[in-house]
Amino acid sequence: MGKMEVERKTTGWAARDPSGLLSPYTYTLRETGPEDVHIRIICCGICHTDLHQTKNDLGMSNYPMVPGHEVVGEVVEVGSDVSKFTAGDIVGVGCLVGCCGGCSPCERDLEQYCPKKIWSYNDVYIDGQPTQGGFARATVVHQKFVVKIPEGMAVEQAAPLLCAGVTVYSPLAHFGLKRPGLRGGILGLGGVGHMGVKIAKAMGHHVTVISSSNKKKEEALKDLGADDYVIGSDQSKMNELADSMDYIIDTVPVHHALEPYLSLLRLDGKLILMGVIANPLQFLTPMVMLGRKVITGSFIGSMKETEEMLEFCKEKGLSSIIEVVKMDYVNTAFERLEKNDVRYRFVVDVEGSKLEA
C-alpha cells in the first residue's frame, strides 16, 4: 500500500514537562510510506532511559513526549515495498527508527552508531515530524527497524529483550565473549543486569553479581542462576575476587567509582559501561595500565544483533522477569523504578489498558 489519504490519530501517554508525569495525549500518526510498517501496539517495556528522558535528566528532552522503546505489536498494514512483514505478524521495535544509511557504521550494519540515527521517541524524522514511543495505541516504523518476534515467545516477555536483552548481548558478541568458560561480573541487578546474568549463563560463563546490598542475593543465586554474589563495599570478598574476571558489564545508571571494579579484572579484562550517566566518571590510570585493562562502552545493538539475540533467547529458553502493569499505573511504576523497586522490568499492557482520558 502507498500513503494513506486520511489522517490517522492515535492516543498515547505523554510527559509535558520535566516533572515526567504522563497523561493521555492524542496525536497524528505518520503516514505509511512504501517501506513502512503500521503496528498496533500490544505491550511496551519500561526502561530506565524512559525515566531520564521524561525528566530531562540529560537536558535534551522535547515535550510532549510519549516514551517507550521496547515495543511489541501486531502488523496491521505494510507499505508497497515491504516484503519481510505481512499483516498479522507479531513484531518488535527497539530504540531506533531511522539512520542515514550511508555512513561507515550504517554500511557495517551498526546503525546504532550512526551520527544521524533517529530515536524511537524524543527525536524527529527527516520530514521534521516528531517521533513518539510505545506507550501508545499504534506506531509507524520503517521496515529496517522492525524485527519479527520468534514464534512461541510471549509478547510481554519479548518486550524487554528489545533493549535490555540486546544491550547485553551486543558487547558479549562484539568483544569475543560468547565462548564458554569465561568468568564475568554483572554490576547492578536491574532490567539490563538481570538479562546479563541470564544471557551470560546461557553462554556458559561463571557469573558473579556485584551489588550495593544483600537485598537481591537470594534472587540472583536462586532465580537467575548466578554463581556468586558480592557487595561492592565488602572489601574482604572483593579482595578474594581480585584479578579473577574476564569482563564486567557495568549497568549502573548513576555516578559511581570505577576503581573497585577495575581491581576485579584479570589481565586484558574489560569493564563495559552501559549506564547513561550525566556526570564524569574517574579512575586512577595505574588501575588500567598495570593489567592492560580496557574501559569501554557499548550502546544497545544493531538490528542484526537484535534478530540474533531473539533467536538465541528462543533457543536457550530465556525470558525476562517482569511485572505487567496497566497504563494507569505507569506513573507509579516510574516512581518505583526510580527507587529500584522492580523485579526486574515493568511491562505496560497497552492493549489491555484504557489510554483515553
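The model is predicted, so to speak of local features the pLDDT must be at least 70, side-chain atom pairs count only at pLDDT 80 or more, and totals for chains, interfaces and linings use all residues. Residues are numbered from 1 along each chain as its sequence is written, and side-chain values use heavy atoms, with hydrogens and water left out.

**Nonpolar cores**

- In soluble globular proteins, nonpolar side chains tend to be buried together.
- A nonpolar core here is a set of buried Ala, Val, Leu, Ile, Met, Phe, Trp, Tyr and Cys residues joined through side-chain atoms within 4.5 Å; buried means under 20% relative accessible area, exposed over 50%, and partly exposed in between (1.4 Å probe, protein chains only).
- The largest core has 87 residues, and Ile46, Phe135 and Val330 touch the most other members.
- Apart from that core lies another one of 15 residues, including Leu187 and Ile248.
- Setting aside neighbours within four places in sequence, Ile46 has contacts with Glu70, Phe135, Val330 and Phe346, among others (contact means heavy atoms within 4.5 Å).

**Helix H4**

- Helices (H or I, at least four residues) and strands (E, at least two) are DSSP runs, numbered from the N terminus.
- Nine of the eleven residues of H4 (residues 164-174) are buried, so this helix is largely enclosed by the rest of the structure.
- Among the buried ones are Ala164, Val168 and Leu172.
- They pack against helix H5 (191-202), strand S13 (245-250), strand S14 (265-273), H10 and strand S17 (345-348).
- After H4 comes Gly176, with a positive phi near 70 degrees.

**Cavities and a pocket**

- On a 1 Å grid over the protein atoms alone, a cavity is a set of points where a 1.4 Å probe fits but cannot get out, while a pocket is an open set with protein on both sides within 12 Å along at least five of seven lines; lining residues have an atom within 4 Å of a point.
- Grid points are joined across faces, edges and corners, and a volume is the space filled by probe spheres set on the points.
- The whole structure holds two cavities of 30 Å³ or more.
- The largest cavity holds about 90 Å³, and of its 13 lining residues, Gly94, Cys95, Leu162, Met303 and Thr306 are the closest to its centre.
- Strand S5 (90-93) and helix H10 (303-316) each give at least two residues to that lining.
- For lining classes, Ala, Val, Leu, Ile, Met, Phe, Trp, Tyr, Cys and Pro count as nonpolar, Asp, Glu, Lys and Arg as charged, and the others, Gly among them, as polar.
- By that count, the lining of the largest cavity has nine nonpolar, four polar and no charged residues.
- The second largest cavity has about 50 Å³ of space, and Gln132 is one of its lining residues.
- The second largest pocket has a volume of about 430 Å³, and its lining has eight nonpolar, four polar and eight charged residues.

**Gln132**

- Gln132 sits in the loop between strand S7 (118-119) and strand S8 (138-142).
- With 11% relative accessibility, Gln132 counts as buried.
- The side chain of Gln132 reaches the backbone oxygen of Pro64 at 3.3 Å, and one of its polar atoms lies 2.7 Å from the backbone nitrogen of Val66.

**Thr332**

- Thr332 is in helix H11 (residues 330-338) and is partly exposed, at 30% relative accessible area.

Conventions
A polar contact is a pair of N or O atoms within 3.5 Å; within protein, one must be able to donate a hydrogen and the other to accept it, and residues adjacent in sequence count only if both atoms are side-chain atoms.
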